[in-house]
Amino acid sequence: MLSYRHAFHAGNFADVLKHSVLSLVLDYMTRKEKGFHYIDSHSGAGMYQLAEEYAQKTGEYKDGIAKIINDEDAPESLEPYLSLIKSLNLNSELEVYPGSPGIAKAFVRRQDSSHLFELHPTDIQHLEDFCQRWRKVFVKQSDGYKGVLGLVPPPSRRGVVLIDPPYELKEDYQKAVKTIIKAYAKFSTGTYIVWYPVVKRNFIEQMQKDFTNSEVKNLLQVEFCLEKDTDEYGMTGTGLFIVNPPWQLAAQLEEILPYMKTKLGSTNTSYTLKQLIAE
Ligand SMILES: C[S@@+](CC[C@H](N)C(=O)[O-])C[C@H]1O[C@@H](n2cnc3c(N)ncnc32)[C@H](O)[C@@H]1O
């Protein structure tokens, strides 16, 4: 089943959290000269046109990136992310929004390599087009979970892995965590980021259990919920598990989360940040 298209959701509140964290992680990785692997198991199209019918149909970006892009009071921790979005939208209108490959492309250097997996026949085409003239990028139309496991440990022993499935199938919750656990067994110093939607709380509790029963160490969990948990259909919040986060990421999120609540949330909005597994 491949009906999910990220173009409907590009730039929404969940992307703001995911992509601001990805920007901070990649920014940190580039502080050392030595190259690293960026591995994106579920890449999407790479770049999204916000004026096109998909984004306009839901208008999700209007309640996400559009609310903060020109805010002069945004915290410093959002600077790497916001300055990247601004650099892509030099006219005052917000016209394009990067997917995770678009974020990565802005940070990686000549010594880094990027490995992008995507299955959807249309999005892989967009992704390949987006990656033209990008050196040291490897795009594959194949399963990203297997792709991650085939690439770790990277020769440089430095790597960032993003696992961002559509969760159309409930197996994705377990597969995402299992992939990290297996990858960690081969490469325990890598940084791993897993995105998840808050739709049914028990799926997230199971992810937490699977992590805490594993060998994985140093796991940060961040969650931002627009609304309280409900049994009704639909995503009420978003979260990330981050294995081996940069040391200052938790403090940066302490700045970002209250800001997101003020700008994107309502009185029902809440957030949590916890070190789920110690170093
Ligand atoms: C949430 S979107 C990715 C968004 C992207 N990471 C971003 O941040 O902009 C999930 C993508 O995974 C793709 N996909 C679904 N199953 C996959 C699999 N097993 N391997 C690789 N890609 C997959 C979908 O077609 C979809 O484009």
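Where is lysine 136 found? I looked it up and found lysine 136 in the loop between helix 5 (121–131) and strand 5. Helices (H or I, at least four residues) and strands (E, at least two) are DSSP runs, numbered from the N terminus.

**Entry: ground rules**

I am working with a predicted model, where local features need pLDDT of at least 70, side-chain atom pairs count only at pLDDT 80 or more, and totals for chains, interfaces and linings use all residues. Residues are numbered from 1 along each chain as its sequence is written.

**Entry: loops**

I went back to lysine 136 for its backbone. Lysine 136 has a positive phi of about 55°, although it is not a glycine. I count a residue as buried if 20 or more other C-beta atoms lie within 10 Å of its own, exposed if 12 or fewer, and partly exposed in between, with C-beta atoms placed from the backbone. Lysine 136 has 15 C-beta neighbours inside 10 Å, so it counts as partly exposed.

I then turned to the loop between helix 6 and strand 6, where arginine 157 has its place. Arginine 157 is not a glycine either, yet its phi is positive, about 60°. It counts as partly exposed because it has 13 C-beta neighbours inside 10 Å. Proline 153 is also found in the loop between helix 6 (144–151) and strand 6. A cis peptide bond joins proline 153 to valine 152, with omega about 0°.

I traced an open sheet of eight strands in the order 5-4-1-6-7-9-8-10, and its pairing is mixed. Strand 5 (137–140) and strand 10 (270–277) stand at the edges with a single partner strand each, so one side of each has no neighbour in the sheet. From one strand to the next the twist averages 10°. I take two strands as paired if DSSP finds at least two bridges between them.

**Entry: strand 1**

Which strands does strand 1 pair with? I found four bridges to strand 4, running parallel, and four bridges to strand 6, also in the parallel sense. Tyrosine 38 has serine 114 in strand 4 as its bridge partner, and isoleucine 39 has valine 161 in strand 6.

In a regular strand the side chains alternate between the two faces of the sheet. In strand 1 (residues 37–40), His37 and Ile39 point one way, Tyr38 and Asp40 point the other way, and all are buried.

**Entry: leucine 116**

Leucine 116 is found in strand 4 (residues 113–117). It is buried, because 31 other C-beta atoms lie within 10 Å. I count two residues as in contact if their C-beta atoms, placed from the backbone, lie within 7 Å. Leaving aside neighbours within four places in sequence, leucine 116 is in contact with Asp40, Ser43, Pro101, Leu127, Val137 and Val139.

Is strand 9 mostly covered or mostly open? I found it mostly covered, with seven of its seven residues buried. On one side are Gly237, Gly239, Phe241 and Val243, and on the other Thr238, Leu240 and Ile242.

Strand 9 is joined antiparallel to strand 7 by seven bridges, with tyrosine 192 opposite valine 243. Seven bridges also join strand 9 to strand 8, again antiparallel, and there cysteine 225 stands opposite glycine 237. Strand 8 (residues 219–225) runs antiparallel to strand 10 over seven bridges, and leucine 219 stands opposite isoleucine 277.

I also checked leucine 273, which is found in strand 10. It counts as partly exposed because it has 16 C-beta neighbours inside 10 Å. Its contacts, apart from neighbours within four places in sequence, are Val222, Ala250, Leu253, Glu254 and Leu257.

**Entry: helix 1**

I noted that helix 1 (residues 13–29) is largely enclosed by the rest of the structure, because 15 of its 17 residues are buried.

**Entry: the ligand**

Which residues come nearest to the ligand? Of the 21 residues around it, these are His42, Gly44, Gly99, Ser100 and His120. A residue counts as near if its C-beta atom, placed from the backbone, lies within 6 Å of the molecule.

Methods:
Axes fitted to C-alpha atoms, helices over the stretch in contact; angles between N-to-C directions.
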